Amino acid sequence: MNHTTQLPDHRSERVRSGAAHTAAPPRARRGKRRRPTSTQWAAWGFLAPVTVYLALFYAYPLYRNLDLSLRNYTVRSFVQGDAPFNGLANYRTVFDNPTFAPALLHTAVFTAVCLLFQYAIGLALAVFFNQHFRLSATLRALFLVPWLLPLIVSASTWSWMLNSDSGIVNAALHALGIGPVNWLTSPSWSLTSVIIANIWIGVPFNLVVLYSGLQSIPAALYEAAALDGAGAWRRFWSITFPLLRPVSAITLLLGLVYTLKVFDIIWIMTKGGPADSSTTFATWSYQLGFGNLLPAFGPGAAVGNLLVVAALAFGLIYVRVQRKQALS
């Protein structure tokens, strides 16, 4: 009786010892370093070109621009690379410059007005083309022409149209009995002129993105709202506009970043004048760095960095708002 009761104990000890022996190898394997698999090597291979591209064309230029803004660069030191470090002196020079306040105001007005009208007109056109009427695709393609044209062509066309003597706009105003307007040579109208041209160029982008967002809204929602007696205006404010908020947010953010750095249109049409009446941070940065016989590379880079900081700040605000909406 005693022998039979002791057998299970020996067997259990053997089982436990065997389990211990069999469990030991995984611990030994765990200590070994895992080698990258072929899939991981392929992932790194696809990631490498993007990393190199970002480092060469984004990280390095930002570093160089920051270095320019913190040193006293002249033409000689720019070539030889021996510019002395002067800290934030270039930024103080920019803030003390009498052009800073008007350029800041013009940048804010130019960006805000362009964003407002580009988004409003683009949204109205997107809702209009969402009706899928006959020739809607053809007309929608024609609206993309301003976006596809090179900026130098668009700006030159608007310069001709708004010419005080031979422009088609003043000719139309004359036919209506209105006197000519000095669109490009008057300090009162130069900023308005470049705003009009930039709105015309930016509307197609808003149209394309917002129209794509409208395609993702289920048609059943509109049908249910129509059965409940909701009119077109009510359906827009209760269904279309709320469901387009994520698309609208990214559209406004991209439009903001693009509009902040608009240079071509303003420079070709007015060169920031007359009397700095249409000067923004983008054109002022170019004027400081390349528009004078004695270029001020440091202050010009400092103005460019202010634009980078502004775009980064709005980008962080967008990320924070999106995160709050995702958590709520």
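Predicted model: local features only at pLDDT ≥ 70, side-chain atom pairs only at ≥ 80, totals over all residues.

Residues are numbered from 1 along each chain as its sequence is written, and side-chain values use heavy atoms, with hydrogens and water left out.

**Helix α10**

Helices here are DSSP runs of H or I with at least four residues, strands are runs of E with at least two, and both are numbered from the N terminus. Helix α10 covers residues 190-215, which is 26 residues. From first C-alpha to last, α10 reaches 39 Å, close to the expected 38 Å. The expected span is 1.5 Å times one less than the number of residues.

α10 has a kink of about 30° at G202, shortly before the proline P204. The bend is the angle between axes fitted to the seven residues ending at a residue and the seven starting there. α10 is mostly covered, with 19 of its 26 residues buried. Buried means under 20% relative accessible area, exposed means over 50%, and partly exposed lies in between (1.4 Å probe, protein chains only).

Two packed helices are described by the angle between their axes and the distance between the axes. Axes are lines fitted to C-alpha atoms, for helices over the stretch in contact, and angles run from 0 to 180 degrees between N-to-C directions.

Helix α5 (residues 100-129) is one partner: its axis and that of α10 come within 6 Å and cross at roughly 40°. α5 and α10 are therefore oblique to each other. Angles under 35 degrees count as roughly parallel, over 145 as roughly antiparallel, 65 to 115 as roughly perpendicular, and the rest as oblique. α5 passes α10 in a right-handed crossing. In such a crossing the near helix is turned clockwise from the far one by less than a right angle; anticlockwise makes it left-handed. The residues of the α5 contact with α10 divide into 21 nonpolar, six polar and no charged. Ala, Val, Leu, Ile, Met, Phe, Trp, Tyr, Cys and Pro count as nonpolar; Asp, Glu, Lys and Arg as charged; the others, Gly among them, as polar.

Helix α13 (residues 245-260) is another partner. The axes of α10 and α13 come within 10 Å and cross at roughly 155°. That makes the two helices, α10 and α13, roughly antiparallel. Their crossing, α10 with α13, is right-handed.

**Loops**

Most residues other than glycine have a negative phi, and most peptide bonds are trans. The loop between α14 (264-269) and α15 (281-290) holds P274. The peptide bond from G273 to P274 is cis, with omega near -5°. D276 is also placed in the loop between α14 and α15. L135 sits in the loop between α5 and α6 (136-142).

T280 belongs to the loop between α14 and α15. At 2% relative accessibility, T280 is buried. Its C-alpha, that of T280, is separated by 8.6 Å from the C-alpha of A108, 172 residues apart along the chain.

N97 lies in the loop between α4 (89-96) and α5. N97 is partly exposed, at 25% relative accessible area.
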